[in-house]
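Here is a short report for a first look at the model. It begins with the structure itself.

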Amino acid sequence: MIFFYYIFAVMIYIITAPFLLALSFCKEKYKKSLKSRFFLYKNLKQKQGDVYFHACSFGEIKSISPLIKLFPTCKISTITQTGFSEALRYSKKVNFFPFEIFIPFWMTSCKVLVIFEAELWLMLVFMAKFYNAKVILLNARISDKSLKNYKRFSFFYRLVFKYIDVVFAQSQKDKQRLECLGARNVIAYKNIKANIRQEQVKNYSKPKGRIIVFASTHENEEQLLLNEIKLEENDKLIIAPRHPERFGEVERVLKDFCQKNHYNMQKFSDFTLSENEFVIFFKSKCLLLDTLGELESFYKISDVVFLCGSFVENIGGHNPIEAARWNNIIISGKYYFNQESLYQEVDDLYICENVKDINNFLKQKLLQARVKEQNDLSEIILSIKEGLDARKSL
């Protein structure tokens, strides 16, 4: 089965390689990642490390950062450019994760492989077991929306789970679904994204008036919300796009909104300020937060957070924990199917079923969101250390 899968992957690669190469020159966000992943540009061999963490992108790398910090000699692989940049904050042993056909020649030995969420790559887990590593799947889930596809390809996932030793699932429901697909040693643990502790954030002084944040917005979402929102006299609006390649697009959308309503706007990237000078510079009605890594600092001084990725159908929502830790009023759209377990960890989080109702929410006296008490990561840490200890004795 592995042999036929590999041949199939080679065929797919031959067909798609010319298009991927062209795409790597066309879009800025793909220039490094596609060349590294599909053509091994500056990525001929994985760096060495006993513990190997693999996660897809920025948010996922950030979610496992407490674990990464406990194993400073670990190696990390990721898929996106933002994930790669975030991983470099915690380790120098960072690689882009290559396409499946390169894994047998690219991957170096490890003692423990930790995979985050849905990164179920057959050649990755197969090669990990070839090196006699313990394979751990973290934060595993199967949403209602994706369940049908998992069942359709159950033969493939049964093969993948054959090489995974321990699975930490987000909920009891996920545990049952994963076991039906052949997963073994499944533990219903909770979503570990809820365990992320706040890092040191900047101490920006809070301007007068209510600060409203459109957090982690996606394509069409800014326009959808801006078409409906009515800002009061003392309100200030901040838009933080999820992906940096959309900063220019969102700037044009926000500029058009400001012109129509006779508001002034600023871009955060234009500021040159110390932490306490923010209140002096933020004189405009609207701000485009076009710098990564600043959103948590703005949660600290904001009042209302529209948690985006949930007002359009195809994203599935984002993590509400960071905003809730700063006692914000949190308003979400109804499309949060990828974050159900995290939404359950927050009290007083409001769901807006219809985007036309957002002003009704802003007029009400709403409660601030609160994070429920969380478990620690001790069971996961113990599982990783047991894998390391067992392989030392071999």
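The sections below cover the basis of the model, its domains, their contact and a cavity.

## Basis

This is a predicted model: local features need pLDDT of at least 70, side-chain atom pairs count only at pLDDT 80 or more, and totals for chains, interfaces and linings use all residues. Residues are numbered from 1 along each chain as its sequence is written, and side-chain values use heavy atoms, with hydrogens and water left out.

## Two domains

The domain assignment gives domain 1 (32-190 + 376-390) and domain 2 (210-371). Such bounds come from an automatic or database assignment. The C-alpha centres of the two domains lie 31 Å apart. Their contact (heavy atoms within 4.5 Å) takes 10 residues from domain 1 and 12 residues from domain 2.

## Between the domains

Four salt bridges link domain 1 and domain 2. A salt bridge is a side-chain nitrogen of Lys or Arg within 4 Å of a carboxyl oxygen of Asp or Glu. The side chains of K190 and E345 form a salt bridge, at 3.5 Å from N to O. On domain 1, the side touching domain 2 has no nonpolar, four polar and six charged residues.

## The cavity

Where is empty space left? A probe the size of a water molecule, rolled over the atoms, shows this. A cavity is a set of points, on a 1 Å grid over the protein atoms alone, where a 1.4 Å probe fits but cannot get out. The count is one cavity of 30 Å³ or more. The largest cavity holds about 50 Å³ of space.

Its lining residues (an atom within 4 Å of a point) include E117, R141, Y150 and F161. By class, the lining has seven nonpolar, no polar and two charged residues. Ala, Val, Leu, Ile, Met, Phe, Trp, Tyr, Cys and Pro count as nonpolar, Asp, Glu, Lys and Arg as charged, and the others, Gly among them, as polar.

Conventions:
On a 1 Å grid over the protein atoms alone, a cavity is a set of points where a 1.4 Å probe fits but cannot get out, and a pocket is an open set with protein on both sides within 12 Å along at least five of seven lines; lining residues have an atom within 4 Å of a point. Grid points are joined across faces, edges and corners, and a volume is the space filled by probe spheres set on the points.
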